[in-house]
Amino acid sequence: MFDFCIDPQNLDGFYWWSCYLTTGKHISFYTSFFVVFALLIVTVPLILLFGFLGAIARQSRIYPIRIFGITYTSVVRGVPDIIFFLFVPIALDQGIEYLRHKFKCSEWVEPIRQGNDFVVCQIAKMPMGSSDQWIHDTYGFFLAALAFSIVFGAFAANTINGAINAVPPAQIETGVAYGMTRKQIFIRIQLPQMWAYALPGLSNLWMILIKATPLLFLLGVQDIVYWARELGGTKTARFTYPHSDWRLGYFIVLLVFYLFLSWVSEIFFNKLTLKVSKGQATLNGTVGGTIDYISVSDDEVRNS
Amino acid sequence: MSCLQTLTDYGLRSIGQGVRGLPKSDITLCDQFVLIGSGMIWNVYFAIIALFFGFFAATAIAFAKNSPQAILRVPSSIFIFILRGSPLFIQFFIVYETFVLFPKIGIDLNLIFMEITVETRWLTRAWLGALIVLFLNTTAYSAQIFYGAIQSVPLGDIEAAQALGLTNKQINKRIIWPTMLRLAWASYTNEAIFLFHATALVFFSSFPAWQQKGDALYYASYFADKTFNPFVPYPIIAMYFIIFTIIIILIFNSINKKLNKHL
Amino acid sequence: MTLTKLITGAALIAAFASSAFADGHTIRMGTEGAYPPYNFVNDSGEVDGFEREVGDELCKRANLTCTWVVNDWDSIIPNLVSSNYDTIIAGMSITAERDEVIDFTAEYFPADPSTYVALSGASDDVTGGIVAAQTSTIQAAYVADSGATVVEFATPEETVAAVRNGEADAVLADAAYLSDIVKASNGELSVVGKPVAIGGGIGMGIRESDGDLKATMNTAIASMKADGSLAKLIAKWFDGRSVEY
């Protein structure tokens, strides 16, 4: 990075550190923090989408769709995310390639499953074998994001479903009295009203999502945990910057990062919750004065 | 080998009973079901003990956070913030790395009635070390849930109690605590499920498995490694977790019914 | 690849003729990137080590374009069989168990004995005490069968750390991996007991359905053995170790 970094063996103190902390590997570590943000940005809309679809499926009058919605939300929530991540992304990957293979290589005669091997024709590979590594990385990242979205979408579906049911019946009855159809009531009354009820659950889900991101490395994405372990491990003289086991130091950096992220999120959601619940007939909305027994400080109110 | 034989050989393998060597070749479905099921003993052990002690600690910390006295409120708020604000995965790592730094000695505690030796070596073992992490973690999450519930106790209830001349202590015990439990129970059920699921992380992150005694995920990944096929052991362990999750929901729902009986 | 290159590589033409990769698609080399000196990620974030050099040379001789992929040890075989990369070149010993699922090329590194390492001054008895090993390695299975108490960790790094902090009496791993660590420990750690021979030589893992690639790689490995370039690389990365290739 810097000119004086050519011969790290003869450096010490400040110079050694400034070279050490700017190696290519460290730059990868720093960029991997953006991977966490990228994951959050990509998954949140997908989670909400899956959540909505799941909730709508659970509300559906068509029996198979309702059963599908119930199965999705309860099965996925019953399995620890870590176990889900250990086999679902590989299954997704193979499923996508299987479909592409059936579609693009219908003349292919050999079986796809050859013993233990899963082999599809070259043009069905996702991404193509000849693609650059960054395409493979990006594809792997999106598979991981999809896996996250499926898991957390089930939780979101449960929250949204609960929130739709929490809309006061009187409002729905009013809709009926106005002669609205079921669909109209759903779109015009239930959906806009449910946000206030869904927000505490969704904000809680966001906090859980943040804390699930260290599991990204299980999905083969080179995230902050991967690099922290890699950089912190003992480096023998074979490396340019030898050092002993520094993993604890690197993990404390991660700890601080996550605490910061949670802290910022809490502030944001507290503000949002107060805004949304203003005027609502819940305790958050009405408890203003306190009696001397309980100290209610508004900035600490949190619905979990 | 019949499946019954496998059951007697490996049914309690995760706690060191039965055949020592794990199956290495010709792994059957039965082997996988039995050993992964055996590993669930650990998951259930962690969940029950951590939830039991966590429940009481969480109640105390929730009331502390609600206290008007800063000396109670500030430390409990910081405790909750740190444990809830960081991933469990990283907590396991940091706590394990800290525990191994402790000198490996027995500390003699001279109590009035008896003398007990506390082995710090146990802290680096999953059965104690990981249990402490899970206990602290669930305490923090539950405390926040309980704290939120205390804040939502209808003021009218408390005012009515004060009007009846109940003391603060009586109000805590007879009004706030039961109401808090009722209000928090749905969220607390979720927390219990999350904690149970989190037990799968114990042997996967920092705590080592001794003598191949591990939890369900330890054996599932053992089989995934031996058979090179993730599509059998992981769905099996997923199935076990779903069954136990349903049991948790049933237990918590029946407690919920008791809590709401008078309503 | 160009036509001229194809013709000069006369020995390989037969292999190429029927090959699925004759269209010039890239061969993806899967490695762990955490096992120096076999393979590791160097300070600039690139895959480096003995296997990097061997792999690049093999690809050059076989006229293949190769790229490197880092994958966790745990899922390195499942990802090969589901075609996420085409070879495993990660210090993987050829064992009968693995051979049932994937194919191996000829070995490019001879069987390396495993050694026990403990804190300096420990007696040889420690090999029967508490021994650390990486989860799901041949060493972990060996210790479990030896009657010693096995403690399993997810990464090689943690197994050595366990000896340093007294959690385990000794660690059992490949001699080549441990010798670097012993050297760097300034006398804190040393080899104890007798080395044990577990596992065979190290070969490249290839899908069973990928016979053409295996044949090509075998040809290239044979040519590197014949002209002594493989022996030179082994000497370079493993403290001048001499092998009979």
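## Where chains A and B meet

Across the interface of chain A and chain B, the rule finds 6 residue pairs in polar contact, with both residues at pLDDT 80 or more. A polar contact here is a pair of N or O atoms within 3.5 Å; within protein, one must be able to donate a hydrogen and the other to accept it, and residues adjacent in sequence count only if both atoms are side-chain atoms. Keep in mind that this is a predicted model, where local features need pLDDT of at least 70, side-chain atom pairs count only at pLDDT 80 or more, and totals for chains, interfaces and linings use all residues. Residues are numbered from 1 along each chain as its sequence is written, chains are lettered from A in the order in which they are written, and side-chain values use heavy atoms, leaving out hydrogens and water.

The rule also finds 2 salt bridges across this interface, a salt bridge being a side-chain nitrogen of Lys or Arg within 4 Å of a carboxyl oxygen of Asp or Glu. One of them joins Glu266(A) and Arg84(B), with the closest N and O atoms 3.4 Å apart.

H9(A) gives the most, with 11 residues.

Conventions. Helix = DSSP H or I, 4+ residues; strand = E, 2+ residues; numbered from the N terminus.
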